[in-house]
Amino acid sequence: DGKFSISPKGFIDRLNEEFSDIPNCSSMNADYELDDSGMGLELQIKNGSKIAGIGGFFSDSSNPVLLSYLGSANYFENSDYAAATALATIQAIDPTLSFSDAKEVGAACVDTPTVKNGITYAIVASNGEYWLSARIE
């Protein structure tokens, strides 16, 4: 129906499961808080107790989108954590993707939107910050 249909807790559970399956990323985890309206969700990605990225679900009736802020040089110890966050997020959005499929999507969508299973992914780097978006077309 063109909408993400997973609860915030379900998405976070999936994301954390994906982190645990990525080599050297078992210390990474995600949590969330609903905003005051109860309609927006702030996603916090941590490496141990240090915040590694902040993002959330944002949508309106015409454009459901997951926008996940992957962080900046100040957040990640190295680019492997940013890549792991992108990979885990892609697999959490579409659990039908294998690890290698998610890696392919992640590599292909850097600066070029890529469609897989009806979801458009894009990773944009700007001034040392990385953004991952996923939109149902």
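User: Which residue in β6 is the bridge partner of T114?
Analyst: In this predicted model, T114 has Y121 of β6 as its bridge partner. The pairing between β5, residues 114-116, and β6, residues 119-126, is antiparallel and runs over 3 bridges.

User: How many residues lie between the strands in that hairpin?
Analyst: There are 2 residues between β5 and β6. N117 lies in the loop between these strands, and its phi is near 55°, a positive value in a residue other than glycine.

User: Which residues have the most contacts inside the largest nonpolar core?
Analyst: They are F11, L15, M28, L43, I45, I90 and Y121, in a core of 29 residues. At least two core residues come from each of α1 (8-21), β1 (28-34), β2 (41-47), α2 (79-93), α3 (99-108), β6 and β7 (129-136). The largest share, 8 residues, is supplied by α2. In soluble globular proteins, nonpolar side chains tend to be buried together.

User: And M28, where does it sit, and is it buried or exposed?
Analyst: M28 belongs to strand β1. Its relative accessible area is 3%, so M28 counts as buried, the cut-off being under 20%. M28 and T85 are 57 residues apart in sequence, and their C-alpha atoms are 8.6 Å apart in space.

User: Let us turn to the helices. What span should α1 have, and what do its end C-alpha atoms give?
Analyst: With 14 residues at 1.5 Å a residue, α1 should span 20 Å, and its end C-alpha atoms are 20 Å apart, which agrees.

User: Which residues of α1 are buried?
Analyst: The buried residues in α1 are F11, I12, L15, E18 and F19. They cover an arc of only 125° around the axis, so they lie on the same side of α1. An α-helix has 3.6 residues a turn, so residues three or four places apart point the same way.

User: Which residues of α3 are buried?
Analyst: A102, V105 and G106 are buried in α3. Their arc around the axis is only 100°, which puts them on the same side of α3. E104 and A107 are exposed on the other side of α3.

User: What about A83, where is it and how accessible is it?
Analyst: A83 is in helix α2 and has a relative accessible area of 46%, which makes it partly exposed.

User: Now the whole protein. How many helices and strands are there?
Analyst: The protein has 3 helices and 7 strands, in the order α-β-β-β-β-α-α-β-β-β along the sequence.

User: What fraction of the residues is buried?
Analyst: Of its 137 residues, 41% count as buried. The accessible surface is about 7,400 Å², and carbon and sulfur atoms account for 49% of that area.

User: Finally, how many of the contacts between residues at least 6 apart in sequence join residues at least 24 apart?
Analyst: The share is 40% of those contacts.

Technical notes:
Residues are numbered from 1 along each chain as its sequence is written. This is a predicted model: local features need pLDDT of at least 70, side-chain atom pairs count only at pLDDT 80 or more; totals for chains, interfaces and linings use all residues. Side-chain values use heavy atoms; hydrogens and water are left out. Two strands pair if DSSP finds at least two bridges between them. Helices (H or I, at least four residues) and strands (E, at least two) are DSSP runs, numbered from the N terminus. A nonpolar core is a set of buried Ala, Val, Leu, Ile, Met, Phe, Trp, Tyr and Cys residues joined through side-chain atoms within 4.5 Å. Buried means under 20% relative accessible area, exposed over 50%, partly exposed in between (1.4 Å probe, protein chains only). Contact means heavy atoms within 4.5 Å. Accessible areas come from the Shrake-Rupley method with a 1.4 Å probe; for residues, only the protein chains shown count as cover. The expected span of a helix is 1.5 Å times one less than its number of residues. The arc is that of the directions from the helix axis to the C-beta atoms.
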